[in-house]
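I opened this notebook to keep a record of what I looked up, entry by entry.

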Amino acid sequence: MTSNCFHCSEVIPSGINLFVTINKISRAMCCIGCQAVSQTIVDNGLTQYYSVRTEPAQRAQSLVPEQLQKNKLLDETVFQSEFVFQSDSQDKDSKEAILSVDGMSCAACAWLIEMQLDKLQGLISITVNATTQRATIKWQDSAIKLSAILLAIENIGYQALPFKANDVELNNKKQSKAFIKRLGISGILMMQIMMIAVGLYFGAFTDMNEHNKVYLRWVSFILATPIICYGALPFYTGAITALKAKRLSMDVPVSIAIILAFTASAWATITQQGEVYFESVSMFTFLLLIGKFLEFRARSRAAQVSANLLKLMPMTATKVIAVNDNADAQSKALLNKETHTKEVLVAAKLLIKGDTVIIKPGEVVPADGVITSGTSQLNEAMLSGEQLPISKTINDSVFAGTINGDGNITVQVKQATGQSFLSQLIRLSEQSQAHKPKIAKLSDKIAQYFVALILLTSIATAIYWQQHLPEEAFWITLSVLVATCPCALSLATPTGLTCATIRLNRAGIMIKGGHVMETMPKISCFAFDKTGTLTTGEFTIDKLELIDNSSKDTDQKYSQEQVLAIAAALEAHSEHPIAKPFAEHRNYNLRAQEVKVHSGQGVSGTIDNVNYAIGKFSWLQKSVQLDSDQAEYLKDSSCILVANKQIIAAFYLVDQIREQAFELIANLNKQHKTLLLSGDSQLACDNIAQKLPINTVLGGLSAQDKMQQIKHAQIQGFKVAMTGDGVNDSPVFGAAHVSIAMGCGADITKSGADVILLNNKLSSINILIKVSHRTRRIIFQNYLWAFGYNAIVLPLAVSGYITPYMAVIGMSASSILVITNSLRLLKD
C-alpha cells in the first residue's frame with residue numbers, strides 16, 4: 001500500500017523509512033530533503049505552518065543547511081504575519097521587523113552590525129540596541145528578503161531571529177547558565193592555580209628541587225588551558241568577528257593581552273626558561289568574565305521590562321462562529337439556538353479583523369476591538385499606568401493585553417494581534433531606544449579610533465619598557481591593553497535611553513519619535529489646543545435655541561428633535577470632540593450625502609435634498625443673512641446649524657477643564673512660555689484664560705493659523721512643543737519641534753505625534769520634562785566618567801603604575817558603573 005509524504009504529498013518510494021514527529025504524531029517523509037525541512041520546522045516551533053498552509057510544500061531537492069533553511073521559511077507570508085509590519089502605509093513593499101540578536105558582547109557589536117548591514121541593497125535602515133540586544137530593521141521586500149538579512153548578520157558571527165518575548169527570556173536564561181558555567185570552571189581552576197603559585201613562590205626562597213618546580217609549572221599549564229580556551233572564548237569570538245569585518249572592537253586588545261600572557265608562560269614552561277604567570281592570566285580572565293556577567297545581568301534587567309509587555313498577550317481566545325444547517329452533529333451540540341453561533345477556543349495570534357470574540361470576567365483581551373454587546377470594567381494599567389478600572393460599554397474600544405473586570409463582553413476585532421496597539425507600543429519603544437543623539441554618534445567614532453590608539457600605544461609602551469625594564473615590559477603592556485578598553489564609552493547613551501523609555505512607558509507615556517529625549521530639555525515654549533487637551537473634550541449640550549422655525553426655501557418647520565437629528569447626522573462624519581454629544585440624538589433614517597468635513601470649521605452635507613451645514617459662527621456667518629442683534633448674541637454659541645443658507649438653530653455646549661491643567665500651566669510658566677491655540681471662539685478661549693494662567697491666548701484659528709503661530713514663536717528663538725488631540729491638530733504637529741497627543745485623541749493625530757499620553761493626564765508632561773532632563777544629565781555623567789576614566793588611566797598604565805589586576809577591575813567597574821547609573825532612571 002502506497003502512502004504520501006506529509007510534507008510535499010508526493011508518493012513515498014518503496015524502501016524509504018523516514019519519519020518526523022509533528023505535534024506528537026509520527027509523519028512519513030519521502031526523502032531526506034523533506035525530512036530535514038520538516039524537522040527544521042518542528043525544531044523552530046513553526047508547526048503551525050502545516051495547519052494553515054493551503055497547499056503542500058514543494059519537494060526539497062537537496063539537503064539545505066539547517067539555519068539557512070530556517071531563514072528561508074521566515075520569508076513565507078504565513079510566518080511573517082506574526083512579526084513583520086508595514087513600515088509605510090503608502091508603500092506596500094516596505095516592511096519592518098524587530099530581531100533578537102544573539103552573540104553581542106558589548107556596544108561595539110551593535111555598531112559593527114549596523115556598519116556591515118548598511119551596505120546591503122534594499123535595506124532601508126537598521127538600528128541595533130546593545131542594551132536590549134535587539135535590532136529594528138526596515139527593508140524593501142522586492143529588493144531583499146528577510147532571510148538574506150538574517151544570513152548577512154550570521155556571516156559576521158551573530159545569530160538573529162524575530163523577536164518573541166518568551167524566546168528572549170529563554171535565551172537570556174541560556175546565556176546566563178553559560179556565563180555561570182564559564183565562571184564556575186574558570187573560578188575553580190583559577191583557585192587551584194593560585195594555590196600552586198603560592199608553592200612556587202615559597203619554593204623560590206627555600207631552594208625547591210628543579211623537577212618539583214617543573215612539575216608544578218606543568219600542572220599550572222594544564223589547569224590554565226581550559227580557562228584560556230573555554231573561559232575566554234567569548235572575547236576571542238568578538239575579536240575575530242570584528243577583524244573579519246575589518247573593524248576594531250573592545251575585544252581585540254583584551255584577547256591580545258590574554259593570548260600573549262598565556263603564550264609567554266607556556267613557552268617558559270616548555271623551554272624551562274623564564275618566569276610563568278599562569279595565576280595572573282587566570283585571575284585576569286576570571287575577573288573579566290565577572291565583569292561581563294555583571295554587565296549582562298544589568299542589560300537583561302533593562303531589556304526584560306519592555307519584553308514583559310508582550311507576555312501580557314493571552315495564548316488563546318474564545319471566538320464566536322456561525323453554524324449553518326449542514327454542520328456536523330458535534331457543532332450542532334454546541335450551537336446557541338438563539339444566535340445560531342458556537343464558541344470555539346482558538347490561538348489568539350490567529351484572530352483577524354472582523355472576528356468576534358467573547359471575553360469573560362478576569363480574562364485578558366486578546367486583540368484590539370470594539371464592544372458590540374455587554375458592559376464591564378477593564379484594567380488598562382499596562383497601557384496607561386492608571387490602576388483604577390475604566391467602565392466600558394457598547395461601541396467603546398478595548399485593547400489587547402488589558403484585563404476584563406466583572407462583566408461578559410462581546411468584542412469585534414479591529415486589528416490582528418501583530419498590529420495591536422500593544423505591539424505598536426513595543427515597536428515604537430524599540431525605535432526610540434535605538435535612536436542615537438549626535439553625541440552618541442560622535443562617541444561611537446571616537447571609540448573605534450580609540451581602540452586603534454590603544455594598540456599603537458601598547459606597541460610603543462612595549463618597545464620603551466623592553467629597553468628600560470625588560471622584566472616588567474610585558475605586564476605593563478598588558479595593563480595598557482586592558483585598562484583603557486572603551487566599553488563604557490559605547491554604553492553611555494543606549495543604556496540611558498533604554499531605561500528612560502521604559503520609565504516613561506510605565507507612567508503611561510509612549511515615546512514614538514527618536515529625537516524626543518534629546519529635544520525635550522531644549523523646549524522653551526509649550527503650545528496647547530483647548531478642546532480635548534486642556535479640557536476633557538466631553539461636551540454636553542447645555543442649551544439649544546431654535547432661531548427661525550421655518551425655512552423659506554422649504555416652508556418646513558423644525559422641531560427641537562428634528563434639529564438635533566439633522567445635526568447628529570452631519571456630526572457623525574466628524575472626529576471633533578464637539579461632535580460627540582450629538583451621537584445620542586442620531587436618527588438612522590436620516591442619511592447625510594455629499595458630506596464634506598471642513599477641518600477646524602464644521603461639516604456640510606445634503607439631507608433629503610436640503611443643504612445643511614453645522615459649525616462655527618465665524619465660518620458660517622458669511623453665507624447667511626443676519627441683523628446686528630442676531631450676530632451679537634450668536635457669537636457666543638458653540639456652533640450653529642444652517643439650512644439652505646438660513647440659520648435654524650444655535651447650540652451652546654459646556655466642557656470641563658482637566659484636573660491637572662492649572663498645576664501643569666503654573667509649573668510650566670516658571671521656566672517656559674505657554675500658548676493657547678484654539679479653533680474655538682476668542683470668547684470661549686478668554687473664559688479658559690480666566691481659569692488658567694496661560695501667557696498668550698489665541699482663538700478662532702484654523703490649522704494654518706496655528707502653524708503660523710508656531711513658526712512665529714520659532715522665529716523668535718523658541719523651541720516649541722505642541723499638545724493636541726484633534727484631526728485639525730495633525731498638520732500643526734509637523735511644525736513643532738516636539739508633538740504630544742492625548743491618548744483619547746484621533747488616530748491620525750496620534751500617528752503623527754512624537755509622544756502619546758496614554759493615560760490622558762496632563763501631569764504626564766511634567767514627568768516627561770523631568771525624565772528627559774534627568775536622562776540628559778545621566779548620559780552626560782556617563783560620558784564624563786567614561787572619558788575621564790580613560791583620560792586618567794591611560795597615562796598611569798603607560799607609566800607602569802597600574803597592575804594587570806587593577807586594569808581588569810578598573811575596566812569592568814567603569815562599564816558596570818555606567819549601566820548602574822543609567823538604571824537609576826527606572827526609579828520613580
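Is Lys319 buried, partly exposed or exposed, going by its relative accessibility? I found that Lys319 counts as partly exposed, at 22% relative accessibility, where buried means under 20% relative accessible area, exposed over 50%, and partly exposed in between, with a 1.4 Å probe and protein chains only.

Ground rules. I noted that this is a predicted model, in which local features need pLDDT of at least 70 and side-chain atom pairs count only at pLDDT 80 or more, while totals for chains, interfaces and linings use all residues. Residues are numbered from 1 along each chain as its sequence is written, and side-chain values use heavy atoms, with hydrogens and water left out.

Entry on the whole chain. I looked up the protein chain and found 29 helices and 29 strands, taken as DSSP runs numbered from the N terminus, with helices being H or I of at least four residues and strands being E of at least two. Of its 828 residues, 52% count as buried. I also looked at contacts, meaning heavy atoms within 4.5 Å, and among those with a separation of 6 or more, 67% come from residues 24 or more positions apart.

Entry on salt bridges. Side chains of opposite charge can pair when their charged atoms come close. I took a salt bridge to be a side-chain nitrogen of Lys or Arg within 4 Å of a carboxyl oxygen of Asp or Glu, and by this rule the count is four.

One of them joins the side chains of Lys319 and Asp355, at 3.7 Å from N to O. Lys319 lies in strand β8 (residues 316-322) and Asp355 in the loop between β9 (341-347) and β10 (356-359), so this pair ties together parts that are 36 residues apart in sequence. Asp355 is buried, with a relative accessible area of 11%.

Another joins Lys95 and Asp141, at 3.4 Å from N to O. I traced Lys95 to strand β4 (residues 94-102) and Asp141 to the loop between β6 (134-140) and α6 (146-155), and the pair links distant parts of the chain, 46 residues apart. Lys95 is buried at a relative accessible area of 15%, and Asp141 also counts as buried, at 12%. Asp141 forms a further salt bridge with Lys145, where the closest N and O atoms are 3.3 Å apart, and Lys145 is partly exposed at 41%. I therefore wrote down Lys95, Asp141 and Lys145 as linked in a network of salt bridges.

Entry on helix packing. I compared axes, which are lines fitted to C-alpha atoms over the stretch in contact, with angles from 0 to 180 degrees between N-to-C directions. The axes of α8 (residues 210-231) and α9 come within 5 Å and cross at roughly 40°, and the two helices are therefore oblique to each other; angles under 35 degrees count as roughly parallel, over 145 as roughly antiparallel, 65 to 115 as roughly perpendicular and the rest as oblique. In this contact Ile228, Cys229, Tyr230 and Gly231 of α8 meet Leu233, Pro234 and Tyr236 of α9.

The axes of α9 (residues 233-244) and α10 (residues 251-271) come within 8 Å and cross at roughly 125°, and this pair is oblique as well. Residues meeting across it include Phe235 and Leu243 in α9, and Val254 and Ile258 in α10.
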